[in-house]
Amino acid sequence: MKNYDLMILGPATRDVNIDYTGEESRIVGGAVTFCTPAAAATGAKVFAAVKAAPEDTEVLRAFRLPEEDRMILPSRYTTEMRNEYFTADRERRKASCPRQSDPVVPGEIPPISRKMTHLAGLLYGDFPNELLEALKGQGKLTADIQGFLRCNEDGKLVFHDWSEKRKYLPYFDILKTDAAEAEILTGLSDRAAAARQLIAWGVPEVLISYNTEMLAFDGKTMEVFPVRSRNLSGRTGRGDTVFGSYIAMRALGADLKEALRYATACVSLKMETPGPFAGTREDVEAYWRAMY
């Protein structure tokens, strides 16, 4: 049996993106879609378990992984997302979800050997509590908090605090939030203070993304690296790219500082080109030398 460093689990999406000029594009999206290539580029052995409709085989082709390293977890629907951006930097947007995939349940977890499982969620309900409980004993568990705060209310996407956060946050070995999500969770707008609060609540390690910098903290070491993108044409997928590369580096044995250094350079490079990260580890290291 093949041994993997990282399994990335979550729903793929059919995305309609409308930029501030009104131009429309249709792509395969979702956190799992952006996390996977960024993680694989580090050299980590990555398996993608993708929640989608079985007939939607085009979704799998977006992952650029060998066939044995990917699979569809069947759903009645593939999640559909609509993103309307109001500014060139894509920081202001309106998102909606006409259709959401079924939740991932414990019996669907692929029986593969891996060091770490990442929950690359989009919406509350993607990962029920019983899945967290089933995964907790199966190696390290990481998550993007988006999948526990962003709710689909009749197609409208709204954020709510997670009522069971104090019970389940300690299940995650590494947690990713953005600055707004960190404030929803903790009530703190200062990112460093929010990271400290999450650690105090039992999360061993936190990464908080922001448009100008990335922050990581493990209770002892706090590191911050600036984003150095020369343009933001590939802004979509920023958080998933930085965290996919970060956890892959951690799975490969990098310390917190080295993992964040690499991940920030990776996402800075990725944001210069639309779509999932398509470069190599060597491209990221060259970008670091040139830009930092």
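A residue counts as buried when its relative accessible area is under 20%. The structure described here is a predicted model. Two packed helices are described by the angle between their axes and the distance between the axes.

**Lys 165**
- Lys 165 lies in helix 5, which spans residues 165-168.
- Its relative accessibility is 11%, and Lys 165 is therefore classed as buried.
- Apart from neighbours within four places in sequence, Lys 165 contacts Pro 170, Leu 185 and Trp 201.

**Helix 6 and helix 7**
- The axes of helix 6 (residues 179-186) and helix 7 (residues 191-200) come within 10 Å and cross at roughly 50°.
- The two helices are therefore oblique to each other, and the crossing of helix 6 and helix 7 is left-handed.
- Helix 6 contributes Ala 179, Ala 182, Leu 185 and Thr 186 to the contact, while helix 7 contributes Arg 191, Ala 194, Gln 197 and Leu 198.
- Of the residues in this contact between helix 6 and helix 7, five are nonpolar, two are polar and one is charged.

**Helix 9 and helix 10**
- Helix 9 (residues 256-270) packs against helix 10 (residues 281-291) at an angle of about 95°, and their axes are 9 Å apart.
- Helix 9 is therefore roughly perpendicular to helix 10.
- On the side of helix 9, the contact involves Glu 258, Arg 261, Tyr 262, Ala 265, Cys 266, Ser 268 and Leu 269.
- On the side of helix 10, the contact involves Arg 281, Asp 283, Val 284, Glu 285, Tyr 287 and Trp 288.
- The residues of the contact between helix 9 and helix 10 comprise seven nonpolar, one polar and five charged.

How values were computed: Residues are numbered from 1 along each chain as its sequence is written. This is a predicted model: local features need pLDDT of at least 70, side-chain atom pairs count only at pLDDT 80 or more; totals for chains, interfaces and linings use all residues. Side-chain values use heavy atoms; hydrogens and water are left out. Axes are lines fitted to C-alpha atoms, for helices over the stretch in contact, and angles run from 0 to 180 degrees between N-to-C directions. Helices (H or I, at least four residues) and strands (E, at least two) are DSSP runs, numbered from the N terminus. Angles under 35 degrees count as roughly parallel, over 145 as roughly antiparallel, 65 to 115 as roughly perpendicular and the rest as oblique. A crossing is left-handed if the near helix is turned anticlockwise from the far one by less than a right angle, and right-handed if clockwise. Contact means heavy atoms within 4.5 Å. Ala, Val, Leu, Ile, Met, Phe, Trp, Tyr, Cys and Pro count as nonpolar, Asp, Glu, Lys and Arg as charged, and the others, Gly among them, as polar. Buried means under 20% relative accessible area, exposed over 50%, partly exposed in between (1.4 Å probe, protein chains only).
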